[in-house]
Amino acid sequence: MIVFLVILNEKDLKRNTDEQEKKRVGVDAQSDATNPEIETNLSSVVSSCPNVIEFELISPGCSDRFTSHEIIDQTACKYINFVADADIEAISKWKLLERLMLIRLKGLVHGRSLIKIAKSCVHLRYLTLVYIGGDNGNPSCDVALCESLTNFTGLLELRLEQPRLNLNCTFFAALCHCTALQRICILSLSGKLDGKCLKPVFDIIPKLTYLQVSTDVRIGEAMKLQRDLIKKYRCSQRPVLMVIIKPYEKVGSDTMFEFSLPYKHFSEMCCWRSKVCYSPTGISCIL
């Protein structure tokens with residue numbers, strides 16, 4: 001059983017006045033976990049619920065980087081490891097999709113499904129991608145991610161965590177196509193940061209007010225870049241600009257408050273919180 005969250009829009013809700021706004025949907029998968037040809041029927045969910053506006057798909061055993069809180073029990077739905085690019089591509093048929101969260105999908109090989117989603121889901125405003133292509137990184141998925149960013153032009157919020165994603169000129173050039181972005185959080189375990197390529201992002205994305213980058217960078221270099229960006233871009237147009245650039249590490253509670261950032265806002269951007277973890281109000285069972 002693969003469990004994920006689907007939030008429907010008003011058109012779907014009118015079909016049944018007794019329905020709750022937030023729905024849990026269970027999708028049966030074949031029981032033979034040793035079969036590499038196993039397929040999920042995510043596409044059937046897409047065709048059955050054409051007006052979905054929010055969707056999240058999270059691998060079991062995944063925990064957020066900062067609280068070590070396990071999002072879904074690791075024994076809950078092992079078949080999610082067989083969800084592949086062809087399955088994820090079905091999401092592109094949700095033309096009204098506004099929020100998307102995909103976490104720890106090991107079955108993605110090339111990541112081209114992200115490009116299809118970017119081109120088709122033109123109303124997407126909030127995107128979270130964590131460990132797409134496996135826990136050790138996937139160069140092909142990183143390339144596809146950069147290409148997809150050139151088409152996510154309507155995004156307001158972007159959260160990425162890829163273990164080997166290099167934040168170089170190629171990445172930031174792609175990111176600059178997302179000119180509506182207001183908040184960005186990027187974590188990369190061993191990726192390199194090119195600070196010179198990061199600076200023009202603020203010139204091209206005028207409403208960007210929150211930027212957090214945690215990657216393989218020296219603390220001195222990170223502090224200088226953070227200080228320079230705040231000094232240059234915190235002005236009348238961005239009076240509440242927050243820039244956090246630091247080495248990638250598991251942050252403790254003391255470090256979280258180093259940047260004078262209320263934990264509530266820090267948690268919103270950095271901790272991968274799933275709505276599937278909580279019992280839906282007024283719903284007594286999982287369909």
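Trainee: How many residues does helix α9 have, and how far does α9 reach from its first C-alpha to its last?

Mentor: Keep in mind that this is a predicted model. In it, α9 covers residues 219-233, which is 15 residues, and reaches 21 Å from first C-alpha to last. That is close to the 21 Å expected at 1.5 Å a residue.

Trainee: Thanks! Which residues of α9 are buried?

Mentor: The buried ones are A222, L225, Q226, L229, I230 and Y233. Looking down the axis of α9, you find these buried residues within an arc of 125°, so they line one face of the helix.

Trainee: And what does the face turned away from that buried side carry?

Mentor: That face of α9 carries the exposed residues R227, K231 and K232.

Trainee: What covers the buried residues of α9, then?

Mentor: The cover includes α7 (195-198), α8 (200-204) and β9 (242-247).

Trainee: Switching to cysteines: how many disulfides does the count come to?

Mentor: The count comes to 1 disulfide. C169 and C197 form it, with their sulfur atoms 1.7 Å apart. The pair links distant parts of the chain, since C169 sits in helix α6 (residues 169-175) and C197 in helix α7, 28 residues apart.

Trainee: Is C169 buried or partly exposed?

Mentor: C169 is partly exposed, at a relative accessible area of 41%.

Trainee: What about C141 and C146, buried or exposed?

Mentor: C141 is buried, with a relative accessible area of 2%. C146 has 13% relative accessibility and counts as buried.

Trainee: Let's move to helix α4. Which of its residues are buried?

Mentor: Helix α4 spans residues 112-120, and S113, L114, I115, I117, A118 and S120 are buried there. Among the elements covering them are α3 (85-89), β4 (99-103), β5 (126-130) and α5 (139-149).

Trainee: You mentioned α5. At what angle do α4 and α5 pack?

Mentor: The angle is about 10°, and the axes of α4 and α5 are 8 Å apart. Angles under 35 degrees count as roughly parallel, and α4 and α5 are therefore roughly parallel to each other.

Trainee: Which residues make the contact?

Mentor: From α4, the contact uses R112, L114, I115 and A118. From α5, it uses A144, L145, E147 and S148. If you look back at α4, L114, I115 and A118 are also listed among its buried residues.

Conventions
Residues numbered from 1 in each chain as written. Predicted model: local features only at pLDDT ≥ 70, side-chain atom pairs only at ≥ 80, totals over all residues. Heavy atoms only, no water. Helix = DSSP H or I, 4+ residues; strand = E, 2+ residues; numbered from the N terminus. Expected span 1.5 Å × (residues − 1). Buried < 20%, exposed > 50% of the residue type's maximum accessible area, 1.4 Å probe, protein only. Arc of directions from axis to C-beta. Contact = heavy atoms within 4.5 Å. Disulfide = S-S within 2.5 Å. Axes fitted to C-alpha atoms, helices over the stretch in contact; angles between N-to-C directions. Parallel < 35°, antiparallel > 145°, perpendicular 65-115°, else oblique.
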